[in-house]
Amino acid sequence: ANPPVLYNVGTGKGVSVREFVKGCKRVTGVDIKVREQANSRPGDYAEVYADVTKIRKELGWAAKYTDLEESLRHAWNWRREHINGY
């Protein structure tokens, strides 16, 4: 049997955890408690993002929401409207 085709789904742009948390706080209005570490831990990545080359090339797919806060707002609104999921 052939293995399934796998794709990375994302924007192809990375954001820091700090940027992500700040965006979540702004969009949700929730004061999310975060414990920050002064230094990176061994094994922490400096940068992480989805390489979307394959999905763009093979399926012509591109993220509709590429701005962090816009995408978070869209996801937050959907979650509030679908409290029990699908």
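In which helix does E69 lie? In this predicted model, E69 lies in helix α3. Helix α3 covers residues 68-81, and R80 also lies there.

Helix α1 consists of twelve residues, 17-28. At 1.5 Å a residue, a helix of this length should span 16 Å. The C-alpha atoms at its ends are 16 Å apart, in agreement with that expectation. Four residues of α1 are buried: V21, G23, C24 and V27. Viewed down the helix axis, the buried residues fall within an arc of 160°, so they line one face of α1. An α-helix has 3.6 residues a turn, so residues three or four places apart point the same way. The buried residues of α1 pack against α3. Just after α1, G29 adopts a positive phi of about 75°.

Leaving aside residues up to four places away in sequence, E69 touches G23, R26 and V27. Of these, G23 and V27 are among the buried residues of α1. With R26, the side chain of E69 forms a polar contact of 2.3 Å between side chains.

R80 was examined next. Is R80 buried or exposed? Its relative accessible area is 53%, over the 50% cut-off, so R80 counts as exposed. The side chain of R80 makes a polar contact with the side chain of N77, at 2.9 Å.

Terms used: Residues are numbered from 1 along each chain as its sequence is written. This is a predicted model: local features need pLDDT of at least 70, side-chain atom pairs count only at pLDDT 80 or more; totals for chains, interfaces and linings use all residues. Side-chain values use heavy atoms; hydrogens and water are left out. Helices (H or I, at least four residues) and strands (E, at least two) are DSSP runs, numbered from the N terminus. The expected span of a helix is 1.5 Å times one less than its number of residues. Buried means under 20% relative accessible area, exposed over 50%, partly exposed in between (1.4 Å probe, protein chains only). The arc is that of the directions from the helix axis to the C-beta atoms. Contact means heavy atoms within 4.5 Å. A polar contact is a pair of N or O atoms within 3.5 Å; within protein, one must be able to donate a hydrogen and the other to accept it, and residues adjacent in sequence count only if both atoms are side-chain atoms.
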